[in-house]
Amino acid sequence: MRIAIVGGGIVGLATAWSLARDGHDVSIFDQGPIPNPAGASWDEHRLIRHHYPDRPLHARMVGDAYRAWNALWADLGEVHYFETGALGLSRSGGDWTGRAREAVEAEGLDHEILPPAALAERYPFLTLDGVRWGLFMQRGGILLADRIIAGLADHLRQRGVHLFEHTPVAEVDLERGALRLVSGVESAADAIVLATGAWTPRLLPSERDRLRSHRVLVVYAEPPAEYAEAWASAPAMVDYGYPDDHWSAPPAAGTRLKLAVAGHGRPGDPDDGRDILPGEAEEMLGLYRPVLKDVDRYKVLEARTCCYTYAPEERFVVEKRGKGWLVSACSGHGFKFGALMGQRVAAGITGAIAPDALAKWAAAR
């Protein structure tokens, strides 16, 4: 089959990888370079964890995701995953981590419940006022996102996949399987995949209300010297137990400590309003005062913005429309499923999975 993919992020690249393995003729079009630093897939790390409150199917999908990543590592000849373990903190009954514990136990997944004393000994940088316990899972950690994207792009070039960089698409007709470039050149394919993340409403205005772009800020920071060793061996922090939704990635495998607060995000345009305002990084770092000791002594190394696309209920969208496929597999937590999503979308294109079944699976229903 001749297949065109619009968007060179993790889902577009992983779909191309899976299709190319089966001998299909694949082309990828991106408005910028591949990898594209403006895309949601580009960053030092992304978390992978089984903590999924109220979403047992997502928790189950993580096991399949690990198997898909292992297949990718075998093809790349490199492993871009570092297992740090993953930790969530519970401060009140029925909170996010409390519900995640219920899902983990229902699935029979290995985990450890850490009391406050054990948390204080292992992670002296934490403020544990009000913490009841922590849910630690050894299987979890960081996916080295920028290395994955760069390595996968190089691998695809070697496999003969056509990567068209700096080639913006002006119009997509999913029903006919056709696209028109800004340059005026038109192209048709047996199947077309639209995986453009936050730029999707530009090409499909009808999706503007359903697929919302959200701007988030992440801060790379250097902790005080007395906490550096503990942070170096820390787990991925998936929940600090506060409604602001703090999460962080430890400085492992040559990366830097990354701090984020999901509740600090706001609606945003991927091409406008991404500049970081004076004092914005320090303001976000200050939101960590309730959960980290001495946070005012952390040094901001860099701040960057990212635009994610959120679908309703933060689920993933994979829909067949004529010869085309609309794929929106982000919602702020999709990178961990990138290799798996590429495999499944490719299977849908080739007919190995029925479109309705694939849509239901992607939405974890």
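The buried residues of α10 pack against α2 (56-76), β20 (317-321), β21 (324-328) and α9 (338-350), where contact means heavy atoms within 4.5 Å. Helices (H or I, at least four residues) and strands (E, at least two) are DSSP runs, numbered from the N terminus. This is a predicted model, in which local features need pLDDT of at least 70 and side-chain atom pairs count only at pLDDT 80 or more, while totals for chains, interfaces and linings use all residues. Residues are numbered from 1 along each chain as its sequence is written, and side-chain values use heavy atoms, with hydrogens and water left out.

**Helix α10**

- Helix α10 spans residues 355-362, and its buried residues are L358, W361 and A362; buried means under 20% relative accessible area, exposed over 50%, and partly exposed in between (1.4 Å probe, protein chains only).
- These buried residues line one face of the helix, because they fall within an arc of 95° seen down the axis of α10; the arc is that of the directions from the helix axis to the C-beta atoms.
- The exposed residues D356 and K360 sit on the face of α10 turned away from its buried side.
- Just after α10, A364 has a positive phi of about 55°.

**Aromatic pairs**

- Rings of Phe, Tyr and Trp (its six-membered ring) pair if their centres lie within 6.5 Å; planes under 30 degrees apart count as stacked, over 60 as edge-to-face and the rest as tilted.
- The count by this rule is 10 aromatic pairs.
- F29 and F164 are a stacked pair, because their ring centres are 4.9 Å apart and their planes lie at 10°.
- F29 belongs to strand β2 (residues 25-29) and F164 to strand β9 (residues 162-164), so the pair ties together parts that are 135 residues apart in sequence.
- F29 is buried at 7% relative accessibility, whereas F164 is partly exposed at 36%.
- Y308 and Y310 form an edge-to-face pair, with 6.5 Å centre to centre and 80° between the planes; both residues are buried.

**F316 and its surroundings**

- F316 forms one aromatic cluster with Y52 and F337.
- F316 is in the loop between β19 (299-310) and β20, and is buried with a relative accessible area of 2%.
- Leaving out residues up to four places away in sequence, F316 touches a set of residues including H58, S328, C330, F337, M341 and A362.

**Second largest pocket**

- The second largest pocket has a volume of about 160 Å³.
- On a 1 Å grid over the protein atoms alone, a pocket is an open set of points where a 1.4 Å probe fits, with protein on both sides within 12 Å along at least five of seven lines; lining residues have an atom within 4 Å of a point.
- Grid points are joined across faces, edges and corners, and a volume is the space filled by probe spheres set on the points.
- Its lining consists of A198, P201, R202, R208, L211, R212, S213, G268, D269 and P270.
- α6 (200-203) and β14 (212-222) each supply at least two residues of this lining.

**Backbone features**

- Most residues other than glycine have a negative phi, and most peptide bonds are trans.
- I34 and P35 are joined by a cis peptide bond, with omega about 5°; P35 lies in the loop between β2 and β3 (46-48).
- H166 has a positive phi near 50° and is exposed, with a relative accessible area of 55%.
- D294 has a positive phi near 55° and lies in the loop between α8 (280-286) and β19.
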